[in-house]
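Please examine the sequence and the structure shown below.

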Amino acid sequence: MKTAERRLAFTSYLDARIPRPLQSSFLGRNYTHVASEKEHMLSKPAKDVVTKAAPPPPTAKPKDKPDVPGIGGVCVNPLNNTLLVCDVQHACVRVLDAATLELQHTIGSKGGNPGKFLEPHCIAISVTGTIAVSDAKVNRIQIFSMQHALLSHFGRFGSDRGHFNQIMGVMFTPDGHIAVADAGNHRVVVVTTTGHILHMVGSAGDAPCQFQAPVALALNRRGDVFVCDRDNHRVQVFATRTMKFCTLWGNGSTMTSPTAIAMAQDADESSDVVVCGATHVFVFTQVGLLSHVLAIADTHGACVYNQQLYLTQSPNILHVCTPYRSIPVGPYLTKVPVVVFDAILACLTYTDAIALRQTSRFFHQTCKALRDAWQLHPFVPGGSATIRYGKVVDSSTGLVAVHDLYSKWGHGDDGLVLDSTFNCAVCAYFGPTFWFQHEAALRVVFGHYADGTRLLRRGFVEVVTVLEEIQAGFLQWHQCPAFLVSCVPPKRFGHAYPRLELLEQTQAYQLDKLVLKLKTMV
């Protein structure tokens, strides 16, 4: 199965196993009391516009293009603690004090010349304070300094390379470039601040790496780009430097027409993803598990700063939500992207882990640790031997039996030798038939994990783990690390050998080995 298909299968697996919304205790963040605390009207509409407004006649034809919202994106400038809000109705960018929401400055005015706007729809700010504002009407991006001076501008209408059609999202990458959501052309473009094209990904469709109107972008601490695929009702994730597809999540049942996305930039890798839908605001984990739903509809912009959520809502309202609370869940759980992993560990099997390890580096490392500790069914950590009156009643099992076997034949930390103690240890665990069948392959495996001529405890545990994976059918010989750069391991016998003849030859082989050992002792 391809990597993308495995990631999609993992999303379906979690959706089936985990209830939605999740309990806040799994996340380390409590959204129970998160709600709109303050509603600030960005600008008051003109009275004549209100009095003259009237519903369209019944015979009027429906518009092909939806109404333009009166308010757009929002972002926080942490360098001077200000809020920057796109005022689409008045064709400018409002700069507000983040604490008092008082107007401090206005960037631009209505017009088509550089430095002015017609429909300033989305806004982004870099770590150095550089501001990027997109104009959906003229398909142009303008770059301003922290002091609100125009630095550069680029973009024009079209579908060719370097052209845009309805810019609905902008975002600064860690390299200082700009990722653009080109909704009309169904693609995401990465450009420099002067307009030079670096990457371009996407086309119209519903397959992975395809879009139906990408409208918003967000970046996590690891540098992954999250893209709102509006008409496909999902979020796709890409690697920021190469724009290589990573995964996707969401459907019409979890979100409806996402229009904005935000992520806390001052948090760790486990920060949640805030997605604004047509009817609600959703909080997801970074692999798409729904954790909270906020009943605010028709939102067009979102920003998270200092555990506080800022939302813009039509016609021109800025919502400041009560901050979520961080709750203690232990030093290990607070560092992981999806702490609900703890809820599914009990039912996680080795087959589940094969797909899970493909989703992210964290899950790969977590599943590998579980695999090394033999905590993935059917492998078990096991228990120690039961000794009564000086006799072994029950032998040790699982991983404990492997360590006991090394302690018996390894003589402390001296290690195992290929033709003597390693041979005896493998025969004691898997039986002499297994050694007789795969002696040539086992010699190669020994040479790969051994430290010189001796195999230490850590290497022996890894060898037994790989051999158990082969025995269980999860791994083939040619997939072992020892054979990744060499030929397919040889086999002593074919599959058509009769079992009785195989047993006789195995016994003869063991007798020959015993005779050789006796001769060396004489």
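**A guided reading of the model**

Setting aside its neighbours within four places in sequence, Val-225 makes contact with Met-171, Leu-217, Ala-218, Leu-219, Gln-236, Val-237, Phe-238, Thr-240 and Met-243. Val-225 belongs to strand 16, which covers residues 224-229. Is this residue, Val-225, buried or exposed? Its relative accessible area is 1%, and because buried means under 20%, Val-225 is classed as buried. One of its contacts, Thr-240, is 15 residues away from Val-225 in sequence, while the two C-alpha atoms are 5.6 Å apart in space.

The structure under discussion is a predicted model. The protein has 522 residues, and 49% of them are buried. Its secondary structure amounts to 12 helices and 30 strands. Of the contacts between residues at least 6 apart in sequence, 50% join residues at least 24 apart. The accessible surface of the protein is about 25500 Å², and carbon and sulfur atoms account for 55% of that area.

Glu-468 lies in helix 11, residues 457-472, and has a relative accessibility of 17%. Since the limit for buried is under 20%, Glu-468 counts as buried. Which residues does Glu-468 touch, when those up to four places away in sequence are not counted? They are Trp-374, Phe-379, Tyr-429 and Phe-430. Phe-379 is 89 residues from Glu-468 along the chain, yet their C-alpha atoms are separated by 8.5 Å.

Tyr-429, one of the residues touched by Glu-468, also takes part in the packing of two helices. Helix 7 (residues 398-409) and helix 8 (residues 418-430) pack at an angle of about 145 degrees, and their axes are 10 Å apart. The crossing of these two helices is right-handed. From helix 7, the residues Val-402, Leu-405 and Trp-409 meet Thr-421, Cys-424, Ala-425, Ala-428 and Tyr-429 from helix 8.

Attention may now turn to the surface. Leu-511, Leu-514, Leu-518 and Met-521 together form a nonpolar patch there, with about 440 Å² of accessible area. Leu-518, a member of this patch, is located in helix 12, residues 499-521. The relative accessible area of Leu-518 is 46%, so this residue is partly exposed.

The loops between strands contain several details of the backbone. Asn-81 is placed in the loop between strand 3 (74-77) and strand 4 (82-87). What is the value of phi for Asn-81? The angle is near 55 degrees, a positive value in a residue other than glycine. Asn-81 has 33% relative accessibility and therefore counts as partly exposed. Asp-298, in the loop between strand 22 (290-294) and strand 23 (299-305), likewise has a positive phi, near 55 degrees, and is a residue other than glycine. With a relative accessibility of 37%, Asp-298 also counts as partly exposed.

A further loop contains a cis peptide bond. Pro-315 lies between strand 24 (308-313) and strand 25 (317-321). The peptide bond that leads from Ser-314 to Pro-315 is cis, with omega near 5 degrees.

How values were computed: Residues numbered from 1 in each chain as written. Predicted model: local features only at pLDDT ≥ 70, side-chain atom pairs only at ≥ 80, totals over all residues. Heavy atoms only, no water. Patch = residues over 30% accessible without salt bridge, like charges linked within 9 Å, V, L, I, M, F, W, Y side chains within 5 Å. Areas by Shrake-Rupley, 256 points an atom, 1.4 Å probe, with all protein chains shown as cover. Salt bridge = Lys/Arg side-chain N within 4 Å of Asp/Glu carboxyl O. Helix = DSSP H or I, 4+ residues; strand = E, 2+ residues; numbered from the N terminus. Buried < 20%, exposed > 50% of the residue type's maximum accessible area, 1.4 Å probe, protein only. Axes fitted to C-alpha atoms, helices over the stretch in contact; angles between N-to-C directions. Left-handed = near helix turned anticlockwise from the far one by under 90°. Contact = heavy atoms within 4.5 Å.
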